[in-house]
Amino acid sequence: MSPTDPTAHERLYRSLRSQIMLGELPPGKALTLRGIARDHHLSMTPAREAVRRLVAEGALTLSGSGRVATPALSDDRIEELAALRALIEPELAARALPRAHFALIDRLATMNGRIADAVERHDAVGYIRCNLDFHRMLYLRAQAPAMLAMLETIWLQLGPTMRALYGRVKRNEPPRHHRMILAALRAGDEPALRLAVRADVTHGLRHLTSA
């Protein structure tokens, strides 16, 4: 494979992006281009390009000295991202509601069961993955790709911090607001759906600033 193969860069970018979004890397973890390239058996060129893209998305930070790290968020930054989620996610859910057929709701209920399984196993990464999949599965029905892309950037910045939170908060059941989301979808109740999604988002992020 050529050291400058664009597919190598794309695979590396997607791999690192997934690790960061799912919290597999802790907040403030320092990374080096050399280390990234070595761990993925690639040259420096795809590593440099992948890091450049992730810095642009806010998934990694780049200091004036050239230090690359995962974001370590202040309380103010968490509150800002929480406010954005509270604006965007209820809107996506409301736009998805007319296309939320019963088969989709059944798939969301199944995904919520997987979240419960991850909680029982104390699987933090599995919990975060299934929770994001639950929301993404619903929001894809909104057919609002620009809004969803913006939201995924927010999830990406929050990933390491969410993972760190999971280790501090004792969770023994899946998010209770998911049941409210499912009930609102079944009833076709947009105000209740907006309220449930907003409560789900703000409840979790309040724990981040209080932890």
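Leaving aside its neighbours within four places in sequence, with which residues is H9 in contact? In this predicted model, where local features need pLDDT of at least 70, side-chain atom pairs count only at pLDDT 80 or more, and totals for chains, interfaces and linings use all residues, H9 touches P46, E49, A50 and R53, a contact being heavy atoms within 4.5 Å. Residues are numbered from 1 along each chain as its sequence is written, and side-chain values use heavy atoms, with hydrogens and water left out. H9 is found in helix α1, where helices (H or I, at least four residues) and strands (E, at least two) are DSSP runs numbered from the N terminus.

The chain has nine helices and three strands, and from the N terminus on its elements follow the order α-β-α-α-β-β-α-α-α-α-α-α. Of the 211 residues in the chain, 45% are buried. Among the contacts with a separation of 6 or more, 77% are accounted for by residues 24 or more positions apart. A164 belongs to helix α7 and is partly exposed, with a relative accessible area of 27%.

The confidence of the prediction was considered next. The pLDDT, which is the predictor's confidence in each residue from 0 to 100, has a mean of 88 over the chain, and 90% of the residues reach 70 or more. Among the elements of the chain, helix α8 (residues 176–187) has the highest mean pLDDT, 95, whereas helix α9 (residues 190–210) has the lowest, 84. Where pLDDT is low, the predicted coordinates should not be read in detail.

The count of salt bridges comes to 15, a salt bridge being a side-chain nitrogen of Lys or Arg within 4 Å of a carboxyl oxygen of Asp or Glu. One of these joins the side chains of E57 and R17, at 3.4 Å from N to O. Because E57 lies in the loop between α3 (44–56) and β2 (61–62) and R17 in helix α1 (residues 6–21), this pair ties together parts that are 40 residues apart in sequence. E57 counts as buried at 17% relative accessibility, and R17 likewise counts as buried at 17%. A salt bridge is also formed by the side chains of E152 and R136, at 2.6 Å from N to O. Here E152 lies in helix α7 (residues 145–166) and R136 in helix α6 (residues 124–139), so the pair ties together parts that are 16 residues apart in sequence. E152 is buried, with a relative accessible area of 13%. A network of salt bridges links R17, E57, D133, R136 and E152.

Within helix α3, E49 and R52 are three residues apart, about one turn of the helix, and they form a salt bridge in which the closest N and O atoms are 2.5 Å apart. E49 is partly exposed at 28% relative accessibility, and R52 is partly exposed at 48%.

The largest nonpolar core has 58 residues, and those with the most contacts inside it are L92, L138, Y139, I181, L185 and L193; a nonpolar core is a set of buried Ala, Val, Leu, Ile, Met, Phe, Trp, Tyr and Cys residues joined through side-chain atoms within 4.5 Å. Helix α6 gives the most to this core, with nine residues. At least three residues of the core come from each of domain 1 (8–70) and domain 2 (75–207), the bounds being those of an automatic or database domain assignment. Leaving aside its neighbours within four places in sequence, Y139 is in contact with E89, L92, A93, L148, L151, W155 and V197.

Most residues other than glycine have a negative phi. H41, although not a glycine, has a positive phi of about 55 degrees; H41 is placed in the loop between α2 (33–39) and α3 and counts as exposed at 72% relative accessibility. Q143, which is not a glycine, has a positive phi of about 50 degrees. The residue Q143 lies in the loop between α6 and α7, and at 55% relative accessibility Q143 counts as exposed.

How values were computed:
Buried < 20%, exposed > 50% of the residue type's maximum accessible area, 1.4 Å probe, protein only.
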